[in-house]
Amino acid sequence: MSTFKPRDWGSHAPFIAPGYKSTLLRGPSRLPLAIKSGLTEGTGPRFAPASVRKLDFDLTKNGVTNGEPLGERIVVHGKVMDTDGRPQPNILVEVWQANAAGRYVHKVDQHNAPLDPNFRGSGRCMTDADGNYMFYTIKPGAYPWGNHFNAWRPNHIHLSLFGPGFATRLVTQMYFPGDPLLELDPIFLETQDPVARERLISKFSIEKTEEGFALGYQFDIVLRGRNATPMED
Amino acid sequence: MSYGETPSQTVGPYFAYGLTAQQYGYDFTDVVDPVVAGPDADGEHIRITGQVFDGNNDPVNDAMIEIWQADANGTYAENPVDVASTGFRGLGRCGTGTDAQNRFYFDTVKPGVVADGAAPFVNVIVFMRGMLVHAFTRFYFADEAELNARDDILQSVPADRRDTLIAKRVETRTGVEYRIDIHMQGDAETVFFDV
């Protein structure tokens, strides 16, 4: 087993990111201490295929109580790979999001938009042998938040991945192409490198679009790669 | 060909019905929960618990903590089949929004030593609204002073900050608890690692 390359801080936002106000009291104020990546960081949890149940990958069906969820049905495809382009098989991908009206099922969300009795907005899937994943859902709506006057989050889906090791853990958000709110959203913009933050925007795909059923989006995810040399300990 | 990393984004305030649904009482299963080791797992059964404090020293009620640790023999449970047969999962996840004092907790076994020159420890990741990038830290154990004094990584931490990584052992009515708080900022700021 080899260790993982260090996190590329140029591809991520800083801990304290003044545009996103909650970071001011919550981000560590001191630089993280570099440590040599070893056995611990090279290992990580493996999930049995049974961790994902039959409807977990279909958010249009897994929260139904009395009908179909409202909104624009979409299918999201993506490949999980590392920075060397190696596909990452059997990776658990957990997703959650707002409904089409921009409302989360979460009890704390008090946005004045309707809940959908047929949409919970959470699910999960696993990558196949080639690193590909897919899930069905409803396109999430934008919603206001309290960061500054007239602040609105762009449409987004939250994704959580463990990757091949604990060191490659990633929680991110997938955005949609052409969303005018992106250029106003500090959570998106605090990733300083414009090339890096473009990687957060999915691509519309007519090839993945299902005739008469759902619009297709492609969202590839890149995790840290491994060092070429084996670990010393 | 080389590809750039996908940027990290915050877990936000509304992760619970996706990532910790059963803990928070939503109608969805959890793949990972606060039970790191089931009752049949070998080793000393312990609970690890603590709070997360922000820069105002207020407890954070919407953080999510994950831990990853070796079993009592110092082995990481990388094979899901082993997890099923031994009751040891090695991985835990807990939100701080369901306890009146906003504590996280993990029911686990005390980990063994994974390598010569290392003290037993637990790997920790801190997520919350207000963090665009998660932070890695470690929990060590106060009753392992001798091994802690020889642990390369712990000793690489400035001496006056080492205590932020050491969980205190408390014997309670229900068993052994290790208590450790995570301070995001301030004089007692937890040491985080660039893993």
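I took rings of Phe, Tyr and Trp (its six-membered ring) as a pair if their centres lie within 6.5 Å, with planes under 30 degrees apart stacked, over 60 edge-to-face and the rest tilted. The model is predicted, so I note that local features need pLDDT of at least 70 and side-chain atom pairs pLDDT 80 or more, while totals for chains, interfaces and linings use all residues. Residues are numbered from 1 along each chain as its sequence is written, chains are lettered from A in the order in which they are written, and side-chain values use heavy atoms, without hydrogens and water.

**Aromatic rings**

I looked up the clusters and found one formed by Tyr104(A), Tyr143(A), Tyr14(B), Tyr17(B) and Tyr26(B). Over all chains, I recorded 21 aromatic pairs.

**Charges over rings**

I counted a charge as over a ring with NZ of Lys or CZ of Arg within 6 Å of the ring centre and within 35 degrees of the ring normal. The charged end of Arg120(A) sits over the ring of Phe28(B), 4.0 Å from its centre. For Arg153(A), the charged end is over the ring of Trp145(A), 5.9 Å from the centre.

**Chain B**

I noted that buried residues make up 59% of the 195 residues in chain B. Its C-alpha atoms fill a box of roughly 55 × 40 × 40 Å along the principal axes.

How values were computed. Buried < 20%, exposed > 50% of the residue type's maximum accessible area, 1.4 Å probe, protein only.
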